[in-house]
Amino acid sequence: MNRDTSVAALSLIPNVSSLCDLSASLTALVRATAQEAAATSIRRALCESACLRVEQRLKEVSATRVLITSNTQCVHCEKKIGTSAFVRYAQTGELEHLYCHEKSDRNKIQV
């Protein structure tokens, strides 16, 4: 039950109602609200943890240097990379021309 619905339901209770009559309903409402808050807290913590892992991985990947020499070749066409745009595969460190990467099926296999 969301907060707006709870507030609306409470406003419909007649003023002559005793607290004893409402005890079971209010207890259930408080428990449900507490459970929802706990679940939201857990989801938030999981999201924050995932964000921290992604940020750390991004730092690691960004810190990786790629050295392109005059002999560096594309793994697809085996031509020199030179000053062309290229893709580096994180798992193997292999380099491929961006054009070759876009035209090959290899990039569709990677997850």
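These are my notebook entries on a predicted model and what I looked up in it.

**Ground rules.** Residue numbers start from 1 along each chain as its sequence is written. Because the model is predicted, local features need pLDDT of at least 70 and side-chain atom pairs count only at pLDDT 80 or more, while totals for chains, interfaces and linings use all residues; side-chain values use heavy atoms, with hydrogens and water left out.

**Overall layout.** I found four helices and two strands in the protein. Both are DSSP runs numbered from the N terminus: helices are H or I with at least four residues, strands are E with at least two. Along the sequence I read the pattern α-α-β-β-α-α. The radius of gyration is 29 Å, well over the 13 Å that the globule rule gives for 111 residues, so the protein is more spread out than a compact globule. I noted that this radius is taken over C-alpha atoms, and that the globule rule is 2.2 Å times the number of residues to the power 0.38. The C-alpha trace spans about 90 × 25 × 20 Å along its principal axes.

**Burial.** Of the 111 residues, 12% are buried. Buried means under 20% relative accessible area, exposed means over 50%, and partly exposed is in between (1.4 Å probe, protein chains only).

**H97.** I went to strand 2 (residues 95–97), where H97 lies. Why does H97 count as buried? Its relative accessibility is 10%. A contact here means heavy atoms within 4.5 Å.

**A85.** This one sits in the loop between helix 2 (19–63) and strand 1 (86–88). A85 is partly exposed at 49%. A85 and H97 are 12 residues apart along the chain, yet their C-alpha atoms are separated by 6.0 Å. Beyond four places in sequence, A85 touches E96, H97 and L98.

**The cysteines.** How many disulfides does the structure hold? I got zero. A disulfide needs a pair of cysteine sulfur atoms within 2.5 Å. The sulfur of C77 is 3.7 Å from the closest cysteine sulfur, in C74, and that is too far for a bond. C74 is buried at 2%, whereas C77 is partly exposed at 29%.

**E78.** I also checked a backbone angle: phi of E78 is near 65°, a positive value in a residue other than glycine. Most residues other than glycine have a negative phi. E78 is in the loop between helix 2 and strand 1, and counts as exposed at 56%.
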